[in-house]
Amino acid sequence: MGSEPSGEVYLPDTVRTAVKVLVVGPFAVGKSTFVNTLSEIEPLHTEETMTRDGAVVDDLHGITDKTTTTVALDFGRRTLSDRVVLYMFGTPGQQRFLSMWEDLAHGALGALVLADVARLEDSFDVISVLEDRGLPYGVAINDFNTVEIPPHEELREAFDLLPEIPLVTCDARDRSATARAMVSLVEHVLASPLQHARESA
Amino acid sequence: MSTNTVRRPELRWMLDDVLLPEVRSAVVLARDGLVITATGEISEADADRFAACLASLRGSSAAATEFCGDSSEAQPAWNQTLIEFDTGYIFLIAAGPHAYMGVSTTKRVDMGPATQRFHAVVQKLGTELGTLPRSGDSDRS
Ligand SMILES: Nc1nc2c(ncn2[C@@H]2O[C@H](COP(=O)(O)OP(=O)(O)OP(=O)(O)O)[C@@H](O)[C@H]2O)c(=O)[nH]1
Ligand SMILES: [Mg+2]
């Protein structure tokens, strides 16, 4: 993986463009935090308090302050450049809310998959859902500072990522890190062959 | 370039008909959850948030069809969702192909005439939206 992209998204024309993207990933990986950090408007959340038996609290590897979980969606908006306005739809992470996906994913142009290096394999399922849908995606490793992050080559191998799929490291609580992650995804979405096919369609 | 739903402020006049007494605001959204047009006392940012919320509500409502009716029959289509709060109501109504209208009212709204008006508006909207190229509706599913 080369240097992580930064700065503005390149777009050939002058129109302002709405780009809908999903923020996806397994339980408690920081999806809501990500949308919260990056949104320029007050984000929309659907957090509900977790009851002990409903939640897989044991899976949380040291995250102790998490008491709520997303049951429907997160929503936020962020102007990425004077041309691209990003509409972010975060999904619930827990498997039992997967039925919410169908409508949330409708019309999305891409998805950012959040992953935690302490439990990479938890992100595999969602990646195969995206691949089945043919939705372009990028992967962002959310750094929880608990485990050392392996080199990108190793991570790419673990996820079996094609070379063009962006992989970035970020901290979901950091504004510029989350912006960089989204820029890398949007650039990938705009460059993807599917996108070209649909442009000329 | 393929993009998501584009706002169509020129459709707003059609929506203005819902602004009866005790109606706070209304938003028309596409199935992708993005705003087509909005009216009443609502900022642009809040219209975006309201639309995202309504899209999710529509999704959960449609998922509930499974639990409505006889399993031997074809699943019924979703037409509308009504939420009641201490201080008001939110109506979510289908408005033509892949579009919905959400309306927020106070508790004092006159339900009969209001719902009649809302349904007349979605009828008109449906005709108008049906003639447009579908935005934000590139079926991937
Ligand atoms: N150290 C650290 N903690 C984080 C980071 N991102 C999120 N957290 C914390 O991790 C917990 C989980 O964050 P959420 O944003 O609720 O996760 P989620 O993916 O939305 O969770 P679900 O909706 O339940 O699937 C919260 O307690 C956050 O404060 C990060 O980058 N670093
Ligand atoms: Mg969440």
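1. **Ground rules.** In this predicted model local features need pLDDT of at least 70, side-chain atom pairs count only at pLDDT 80 or more, and totals for chains, interfaces and linings use all residues. Residues are numbered from 1 along each chain as its sequence is written, chains are lettered from A and ligands numbered from 1 in the order in which they are written, and side-chain values use heavy atoms, with hydrogens and water left out.

2. **Chain A, the inventory.** Chain A holds 6 helices and 8 strands. Helices here are DSSP runs of H or I with at least four residues, and strands are runs of E with at least two, numbered from the N terminus. Read from the N terminus, the order is β-α-β-β-β-β-α-β-α-β-α-β-α-α.

3. **The sheet of chain A.** An open sheet of 6 strands runs β4-β5-β1-β6-β7-β8 in chain A, with mixed pairing. Two strands pair if DSSP finds at least two bridges between them. β4 (74-79) and β8 (167-170) of chain A are the edge strands; each has a single partner strand, so one side of each lacks a neighbour in the sheet. On average, neighbouring strands of this sheet are turned by 25° against each other, direction ignored.

4. β4(A) and β5 (residues 84-90) of chain A run antiparallel and are joined by 6 bridges. T79(A) has V85(A) in β5(A) as its bridge partner.

5. **A helix across the sheet.** Helix α5 (residues 175-191) of chain A lies across β1 (17-24), β4, β5, β6 (110-115), β7 (137-142) and β8 of chain A. Its direction is about 135° to β6(A). Axes are lines fitted to C-alpha atoms, for helices over the stretch in contact (heavy atoms within 4.5 Å). Angles run from 0 to 180 degrees between N-to-C directions.

6. **Chain A, cover and contacts.** Of the 201 residues in chain A, 56% are buried. Buried means under 20% relative accessible area, exposed over 50%, and partly exposed in between (1.4 Å probe, protein chains only). Among contacts in chain A with a separation of 6 or more, 73% join residues 24 or more positions apart.

7. **Chain B, strand β1.** How many residues of β1 (residues 23-30) of chain B are buried? The count is 7 of 8. β1(B) runs antiparallel to β5 (residues 99-106) of chain B, with 7 bridges. There V27(B) stands opposite G102(B). β1(B) also pairs with β2 (residues 35-40) of chain B, antiparallel, over 5 bridges. A26(B) has T39(B) as its bridge partner in β2(B).

8. **The turn in chain B.** The hairpin of β1(B) and β2(B) has 4 residues between the strands. In this hairpin, G33(B) takes a positive phi near 90°.
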